[in-house]
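Please give a short report on this protein chain. Cover the core, the strands and the aromatic pairs.

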Amino acid sequence: MWSHLAVTFSLSMVSLGSGWLMPEVLPQHIGLAATTPQTNLVASIQGTSSTPRFTVTYPDHWFEYSNNQRDYVIIYNQRTSGAYRETAPPYLIKTDASIQSTSLREALQVYRDQPGRARRIEEVVINGRLAVRVWEDSEGWAFPNVLITYIPTGEAEVFTIASYYSRQNQYAEAAILQVHASVQLR
């Protein structure tokens with residue numbers, strides 16, 4: 001399915017809140033889509049991870065791993081050692097949520113510098129905030145797929161939530177989108 005997706009990049013500027021996204025990054029005909037939780041996942045969401053800057057909600061059987069950092073959270077969908085030599089188990093999902101000291105433009109620069117890196121890029125709304133969501137393939141790492149949502153919190157700061165998973169896990173993307181849509185920034 002993913003091999004059939006193509007991203008066509010626009011040369012026009014797209015406004016995102018008070019800033020501007022890089023024209024080389026966003027696909028043409030981008031539409032704002034409000035992220036809507038799927039009803040079958042809503043009932044199972046019960047876990048919550050809170051930091052002074054954000055809250056992320058996740059399914060009740062997922063696990064948060066403490067890393068003793070103030071605005072950084074790691075969440076897995078199953079218990080894990082977290083150490084993988086070549087590949088992670090096929091149904092494991094790892095999610096990192098953090099505040100980054102960079103602008104949205106700088107965070108998205110990698111997709112301009114490496115145009116084939118992103119399979120799909122779209123602008124979305126998460127809890128009233130404009131955001132950019134990116135699907136990409138990861139090479140040479142334990143997880144072959146990454147879904148990242150960037151939410152600008154200021155001109156030089158962006159909240160990033162990145163979920164790593166395997167294509168074999170056909171239910172991963174729906175669960176990941178639900179977790180990404182749950183983000184509340186303070």
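Which residues in H3 are buried? In this predicted model, they are Ala172, Glu173, Ala175, Ile176, Gln178, Val179, His180 and Ala181. Eight of the 10 residues of H3 are therefore buried, so the helix is largely enclosed by the rest of the structure.

**Overall makeup**

The protein chain has three helices and 13 strands. It holds 186 residues, and 47% of them are buried. Among contacts with a separation of 6 or more, 52% are between residues 24 or more positions apart. The exposed surface comes to about 9,800 Å². Carbon and sulfur atoms supply 49% of that surface.

**The nonpolar cores**

In soluble globular proteins, nonpolar side chains tend to be buried together. Here the largest nonpolar core has 24 residues. Phe54, Val56, Phe159 and Val183 have the most contacts inside this core. Several elements give two or more residues to the core: strands E5 (54-59), E7 (72-76), E8 (94-100), E9 (118-126), E10 (129-137), E11 (145-154) and E12 (157-165), together with helix H3 (172-181). H3 gives the most, with four residues.

Val183 shows how parts of the chain meet. Leaving aside neighbours within four places in sequence, Val183 is in contact with Thr55, Val56, Ile126, Asn127, Ile151, Phe159 and Ile161. Another core lies apart from the largest one. This other core has 20 residues, among them Ala88, Ala107, Ile148 and Ala162.

**Strand E5**

Is E5 largely enclosed or largely open? Six of the six residues of E5 are buried, so the strand is largely enclosed by the rest of the structure. E5 runs antiparallel to strand E13 (residues 184-185), and two bridges join them. Phe54 stands opposite Leu185 in E13. Phe54 is also one of the residues with the most contacts inside the largest core.

Beyond neighbours within four places in sequence, Ser98 is in contact with Phe54, Asp71, Tyr72, Val158, Phe159 and Thr160. Phe54 and Phe159 in that list are also among the residues with the most contacts inside the largest core.

How many bridges pair E9 and E10? There are eight, and the strands pair in the antiparallel sense. Glu122 has Arg133 in E10 as its bridge partner. The hairpin has two residues between the strands. Asn127 sits in the loop between E9 and E10. Phi of Asn127 is near 50°, a positive value in a residue other than glycine. At 42% relative accessibility, Asn127 counts as partly exposed. Asn127 is also in contact with Val183.

**Aromatic pairs**

The structure holds three aromatic pairs. A pair of aromatic rings is described by the distance of the centres and the angle of the planes. Two of the pairs are set out below.

| Pair | Geometry | Centre to centre | Angle between planes |
|---|---|---|---|
| Tyr65 and Tyr76 | edge-to-face | 5.0 Å | 85° |
| Phe143 and Tyr164 | tilted | 6.2 Å | 45° |

Tyr65 lies in strand E6 (residues 63-65) and Tyr76 in strand E7. They are 11 residues apart, and the pair links distant parts of the chain. Tyr65 has 25% relative accessibility and counts as partly exposed. Tyr76 is buried, with a relative accessible area of 6%.

Where do Phe143 and Tyr164 lie? Phe143 is in the loop between E10 and E11, and Tyr164 is in strand E12. The pair therefore ties together parts that are 21 residues apart in sequence. Phe143 counts as buried at 2% relative accessibility. Tyr164 counts as buried at 16%.

Terms used: Residues numbered from 1 in each chain as written. Predicted model: local features only at pLDDT ≥ 70, side-chain atom pairs only at ≥ 80, totals over all residues. Heavy atoms only, no water. Buried < 20%, exposed > 50% of the residue type's maximum accessible area, 1.4 Å probe, protein only. Contact = heavy atoms within 4.5 Å. Areas by Shrake-Rupley, 256 points an atom, 1.4 Å probe, with all protein chains shown as cover. Core = buried A, V, L, I, M, F, W, Y, C linked by side-chain atoms within 4.5 Å. Pairing = 2+ DSSP bridges. Phe/Tyr/Trp six-rings, centres within 6.5 Å; stacked < 30°, edge-to-face > 60°.
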